[in-house]
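Please examine the model below.

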Amino acid sequence: MSAPSSTASHFLLLQCFLGLVLFAHIVFFHEDTTRTRHVNVIVNESQTGRGKGKSSVDVNCRMCENLLANDVVWSKSSWKLMDINKCEYPIRNQNEASAYQNVRERFRQFTANKQKDNDSILFIGNSVSRRQMYAVAHILGGEKARVNAIARNATLSERYGVQRVFDSKTKYHSAFEVKLNIASGEMGEPYSCLPESVENIAEEILEEKESMRCSNAQMKHDINALRLGFLYVGSGRRAHTALLKALDAWIKGAKTRKDEYALDTYKTIVIQVGLDSGTLRISDGYGEILERVKELISLRHGLRVIFSGVHHHFINANHDDVEYQEELREFLYTSLWPSVRKIKGAEVLDTTKSTIEGVSSGVLEHERGSSWHFMDEGRIFLASLLMNHLLRSCS
């Protein structure tokens, strides 16, 4: 009778061993399912959406996009970025002052060496994009990159709170550019090649896309200077139409090479995603936008187009509707982001998860009475993500 008893004991020990192995696998190798889904999308799109046999650089860049979207960790008072060694992000937390100096030096080298692929960044969207542009200027220029903060008197301070990041009221809803001296940190006044009479370029474009045609000389490239541009297209469905017409104007100019259109020389374009909160399908505007972006990239050598969003203001504007948020994530992760990644030269800066968690942690706050605009910490955080994206190492 001893043999069966011994067999049963061995069988019981084997079950215990297998159970421990399974437990160890769960504890040490468990991955967040959301992150895994992102990685799968990135790898699949890089390998199949952009051509069979594509180099590992594409896969690595998509992986870096995923890490930037999902690996921000929030505490009660700050944030930090994990997995930094894979992509060499220069800004890894909000308290790392030396990182700003590193970013400035890298941009100084770009502009000093006349690497014009990195000497201009154009932001397209509404006031959220404009403030992101000025937050980038704040990182690169510091206190000298502003005349004054938007809360420049007691009335505005009461509404907004004390803020340091500059946001000019000049050419508020127009198409303009500013020049930032990387060496000194000083920023010039907003300039536009359009007539002074243009107050709302979005309305002008909707009436006639030729309103983008320059009537004055455009701002030129200077050594040690970074050009930052802004094109206001408004909000809602009309914003997508205005963006389409602007892209059409630039495409026409690139084809004919006869006419100059406002902001048509920029090598990096950042398009704000979430201009129309009702858009949850590619067919509702984004399909045409992606077609135009693909054509423009084919006409302009070295053009880089970054689709940036959707950050917390967009979610909050929909009254914390859980069903809507799920539909939005489904649209972004399974439709829009993969569609963007199929276009060579188009990239994704996904700020959805990080800004939602940032607001939940209490680190990121909106202006009083506004669900759209962040206070300084939020603006600088979004600008930091963009700087990391622009300066990442994917090779």
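Q: Why does Ala242 count as buried?
A: Buried means under 20% relative accessible area, exposed over 50%, and partly exposed in between (1.4 Å probe, protein chains only). Ala242 has 0% relative accessibility, so this residue counts as buried. This is a predicted model, in which local features need pLDDT of at least 70, side-chain atom pairs count only at pLDDT 80 or more, and totals for chains, interfaces and linings use all residues. Residues are numbered from 1 along each chain as its sequence is written, and side-chain values use heavy atoms, with hydrogens and water left out.

Q: Where is Ala242 placed, and which residues is Ala242 in contact with, leaving aside its neighbours within four places in sequence?
A: Ala242 lies in helix 8; helices (H or I, at least four residues) are DSSP runs, numbered from the N terminus, as are strands (E, at least two). With those neighbours set aside, Ala242 is in contact (heavy atoms within 4.5 Å) with Ala202, Ile205, Leu206 and Val233.

Q: What is the mean pLDDT of the chain, and where is confidence lowest?
A: On the scale of pLDDT, the predictor's confidence in each residue from 0 to 100, the chain has a mean of 80, and 77% of its residues reach 70 or more. Confidence is lowest in helix 2 (residues 33-49), at a mean of 34, and highest in strand 6 (residues 268-272), at 97. Over residues 21-53 the pLDDT is below 50, although this stretch has 46 contacts in the model beyond near neighbours in sequence. Where pLDDT is low, the predicted coordinates should not be read in detail.
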